[in-house]
Each structure stands twice: as structure tokens, then as C-alpha cells.
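Trainee: I have a structure open and want to go through its packing. Can we start with the terms?

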Amino acid sequence: QTMTQSSAVDVRQAGEVAGKSLSTLSQLVTEQNFRAMGFESAKEAAGASLGTPLPVYMVQLDELRQYAGGDPAPLLKPLSQVLFPVVAGGATRSGITVENTGKGWQATGFGSPSLSRALAQGVQASGAGNAFAVHVAALRTYFIGFRDGGGNLMFAPIRDEPELQLRAGVAIPASQALLALKPAALQYNELPL
């Protein structure tokens, strides 16, 4: 299944689970770990709310290696996963990952403050509407994906990638971003980075 097929993730159902998981997150945040979980204090977690959800798509290494340009949408595989930024004090502090595991939607991850902040900043910097996250797992790279006013698929990196001449939050055509990643994909030796 790819982005071009009917692959709309049910963000509403995922959101219901994420909303219920906020209380679990606040219970997980203690006086000992609040900083590691991304909060200014343990109390702050209790008053947190959900930010704009980001459905997650993956780009597989083997397909990236073979990509020669053209329509990038077939490379985007839906993961049945939605990342929810957790907002407190007016800023993204942490995150909740919700996945459809085949037995319905379940919270599968809590925390990841730096990734959650980077994704939220990427959405804001790119001005993306209807944004989603694109994960190139083998290369440990994330983009914010969206369609511009002309319907073109755009990617905005969430971090500066100087060796690829990509700047955080600066959207470029998805095909250009994937072609910039291709040399790294071809050199990747399948070992953890």
C-alpha cells in the first residue's frame, strides 16, 4: 500500500486513543524523570494537551536506492502510526505515538521530546497544512511532508542536513529531497548508524 492508494489513516480514532493516553503520560512523568520526558516539571505534564497529529509514512531503503526521479508518492508507505506532539506551557514538550497494531489503535510510545519538538517546529517553519511525517528509518531521517497549493508533494527536513544541502523547515520538492538522500542510501552498509 502506498500514499497513492486509499491509505488514509483514521486520525480521529488514533486521536481518541492519544487523548486517553495523556493521563498515562502524566502518570509516567515523575520528579525524577520529568526533564528526560521533555517537561519543565512533573506538574506541567498533568496539564498537557495534544498538538496537531502527524500520520507517519516510511520510505524503504531498497526503493530509495532504485528511485530515479518522477512521482515520489509511490515510495511513501503508510505505517498505521500517528505521532501526537504533547503541548504544555505553550510549547511542544513531548510526544505520544499511537499505532494500529491490528488489534485496534494503541499507544506504543511516550516521550521522544527532541523528535516531537523537531517535528512540531518543522510543521511550523514549513507552513505545511495537512502535514504528515516521512521517516527514512535506515538513514535516521525525518521530513515533514505536505502538498503545496499546486498539489506538489513537498518535504521539509526537521534538522539541518549540511552534507545534503538541506535546511530544517525549508520545503523542497519531495523528488529533490529523495534524490539528495539516494547517495547515502547507496552507501549505507545495513549496519546501525
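Mentor: Buried means under 20% relative accessible area. Keep in mind that this is a predicted model.

Trainee: Fine. Is Phe132 buried or exposed, then?

Mentor: Phe132 has 6% relative accessibility, so it counts as buried.

Trainee: And what about Tyr57, buried or exposed?

Mentor: Tyr57 is buried too, at a relative accessible area of 8%.

Trainee: How many aromatic pairs does a search of the whole structure find?

Mentor: Two aromatic pairs turn up. In one, the ring centres of Tyr57 and Phe132 are 5.1 Å apart with the planes at 65°, so this pair is edge-to-face.

Trainee: Which parts does that pair tie together?

Mentor: Tyr57 sits in strand β2 and Phe132 in strand β6, so the pair links parts 75 residues apart in sequence.

Trainee: Switching topic. How many residues are in the largest nonpolar core?

Mentor: That core has 24 residues, and Val59, Leu64, Leu76, Phe143 and Phe155 have the most contacts inside it. At least two residues each come from β2 (54–59), α3 (61–66), β6 (132–136), β8 (153–157) and α5 (174–187).

Trainee: Which of them gives the most?

Mentor: α5 does, with five residues.

Trainee: What does Phe155 touch?

Mentor: Leaving out residues up to four places away in sequence, its contacts include Leu76, Val134, Phe143, Ile144, Val170, Ile172, Ala177 and Leu178.

How values were computed: Residues numbered from 1 in each chain as written. Predicted model: local features only at pLDDT ≥ 70, side-chain atom pairs only at ≥ 80, totals over all residues. Heavy atoms only, no water. Core = buried A, V, L, I, M, F, W, Y, C linked by side-chain atoms within 4.5 Å. Buried < 20%, exposed > 50% of the residue type's maximum accessible area, 1.4 Å probe, protein only. Helix = DSSP H or I, 4+ residues; strand = E, 2+ residues; numbered from the N terminus. Contact = heavy atoms within 4.5 Å. Phe/Tyr/Trp six-rings, centres within 6.5 Å; stacked < 30°, edge-to-face > 60°.
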